[in-house]
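Please keep the structure open while reading.

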Amino acid sequence: MREYANVRLRARDLPHRMQDYLNTLPPFVNRAQDYKRTIFKAMIRSNTAEIEPCAPEIDIINSVDDEQCPPLEFYYTNYMWHSDSVPTLDASKLKGCGCYPVCLPDSKCSCLKRQQDFYDETMSGFNYSQGRLKYEEYPIFECNALCGCDEDCRNRVVQHGRKHAINIEKTKEKGWGVFAAEHIPAKTFVGIYSGEFITDVEGETRGKIYHLGSRTYLFDIDFWHLKKGKEDWEVKYCVDAFHAGNFTRYLNHSCEPNCLLVPVYINEPDLEKPMLAIFTSKDVYVHQELCFSYFGPPDGEQEEDVSRLLEHGFVISYSK
Ligand SMILES: C[S@@+](CC[C@H](N)C(=O)[O-])C[C@H]1O[C@@H](n2cnc3c(N)ncnc32)[C@H](O)[C@@H]1O
């Protein structure tokens, strides 16, 4: 599982033959055949078997209308795929800690040091407590492939993958959504918002196209810790989960969310390219929908949030 983010994938290599073929079938074939849900579930299983062998199976449920499953328009993946204009990871810049067998919260661990560089004076230790998120609005620096600690190190959580059962379910007014299939305790890791790393410029262009269909999966990488000490900082990259992604691409927006998004670094030394980890912010019970705020932690201006969602093409951003 240490290899979770240690792969260099190019978006131009994304497999798409199956998706292309299915999209050429005439609508009456698509409507008549009861095969899409089976293909969708098989795609999830086969594309995650290696990286998440113990993750509970995801079911596709629709009790709203007769659409069998979400459109088969994307490649199911937990990885990040880089567009040609985005550099893949430079492992020569990655540093591992020398701790063995596990990292301790009061040690001289270099991963802990990296973590604490973003803390204020009231905070200490790793950003996990017994496998759960400790400080909500702070980035996470997990131990990586070069570290000496073992798999049980307290600073390895996201890299072990999804542990809780969720389903993809059709909603009445928001398209498809993600629902808890069991109780998921607060501050639990749910999944990576995987997809393509693209530049902000590419994101702007794609956003205009997605806006026409009133459906977007673009997420601006816009976190407070990237701006620290840099007055002229600008958004450099976005994650686009339209062509590649996993179940997290179905997470809908809510002004009263039960999930939040945290930037996490494992094998990626470039601060501008975190993985986007979804954690629950409160207990989520079976059948409840998992949602996060597309505009960062809710600030009480919920009406403004809704109008922004409807007017501005749904570009998700998460700056404080
Ligand atoms: C990241 S996708 C979420 C999955 C989407 N529901 C689907 O069926 O693929 C974001 C899109 O979902 C829809 N959406 C998300 N939250 C919504 C909300 N609270 N109200 C209405 N539509 C919403 C919008 O079309 C938005 O562009």
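## Contacts around A277

Leaving aside neighbours within four places in sequence, A277 is in contact with V158, F189, I192, V262 and V264. The coordinates come from a predicted model.

The largest nonpolar core has 69 residues. C103, A277, I278 and F279 are those with the most contacts inside that core. Strand β16, residues 259-265, gives the most to this core, with 6 residues. In soluble globular proteins, nonpolar side chains tend to be buried together.

## Confidence

The chain averages a pLDDT of 90. At least 70 is reached by 91% of the residues. Where pLDDT is low, the predicted coordinates should not be read in detail. The model scores are ipTM 0.99 and pTM 0.93.

## Overall dimensions

The chain comes to 7 helices and 18 strands. Its C-alpha atoms fill a box of roughly 65 × 40 × 40 Å along the principal axes. For 320 residues, a compact globule would have a radius of gyration near 20 Å. The chain has 19 Å, which agrees.

Buried residues make up 37% of the 320 residues. Take the contacts between residues at least 6 apart in sequence: 75% of them join residues at least 24 apart.

## The five-stranded sheet

An open sheet is formed by 5 strands in the order β1-β4-β11-β13-β12, with mixed pairing. Its edge strands are β1 (9-10) and β12 (218-220), and each pairs on one side only.

Inside the sheet, β11 (residues 195-199) and β13 (residues 237-240) pair in the antiparallel sense over 4 bridges. E196 has D240 in β13 as its bridge partner. Helix α5, residues 200-212, packs on the sheet and touches β11, β12 and β13. The direction of α5 makes about 115° with that of β11.

Strand β8 covers residues 166-170. Its covered face holds I166, I168 and K170, while N167 and E169 make up the uncovered face.

β8 pairs with two strands described here. With β2 (residues 59-61) the pairing is parallel, over 3 bridges. I61 has E169 in β8 as its bridge partner. With β9 (residues 176-180) the pairing is antiparallel, over 5 bridges. N167 has F179 in β9 as its bridge partner. The hairpin of β8 and β9 has 5 residues between the strands, and G175 takes a positive phi near 75° there.

## Backbone exceptions

Which bond joins Y100 and P101? It is a cis peptide bond, with omega about 0°. P101 sits in the loop between β4 and α4.

Two residues other than glycine take a positive phi: K187, near 70°, and S214, about 55°. Where do they lie, and are they buried or exposed? K187 is in the loop between β9 and β10 (189-192). It counts as buried because 20 other C-beta atoms lie within 10 Å. S214 is in the loop between α5 and β12. S214 counts as exposed because it has 10 other C-beta atoms within 10 Å.

Y21 lies in helix α1, residues 17-24. With 10 C-beta neighbours inside 10 Å, Y21 counts as exposed. Y21 and M80 are 59 residues apart along the chain, and their C-alpha atoms are separated by 24 Å.

D106 is placed in the loop between β4 (80-82) and α4 (110-116). With 8 C-beta neighbours inside 10 Å, D106 counts as exposed. D106 and L276 are 170 residues apart along the chain, and their C-alpha atoms are separated by 27 Å.

Technical notes. Residues numbered from 1 in each chain as written. Predicted model: local features only at pLDDT ≥ 70, side-chain atom pairs only at ≥ 80, totals over all residues. Pairing = 2+ DSSP bridges. Contact = placed C-beta atoms within 7 Å. Axes fitted to C-alpha atoms, helices over the stretch in contact; angles between N-to-C directions. Core = buried A, V, L, I, M, F, W, Y, C linked by C-beta atoms within 7 Å. Buried ≥ 20, exposed ≤ 12 C-beta atoms within 10 Å, placed from the backbone. Rg over C-alpha atoms; globule rule 2.2 N^0.38 Å. pLDDT = per-residue confidence, 0-100.
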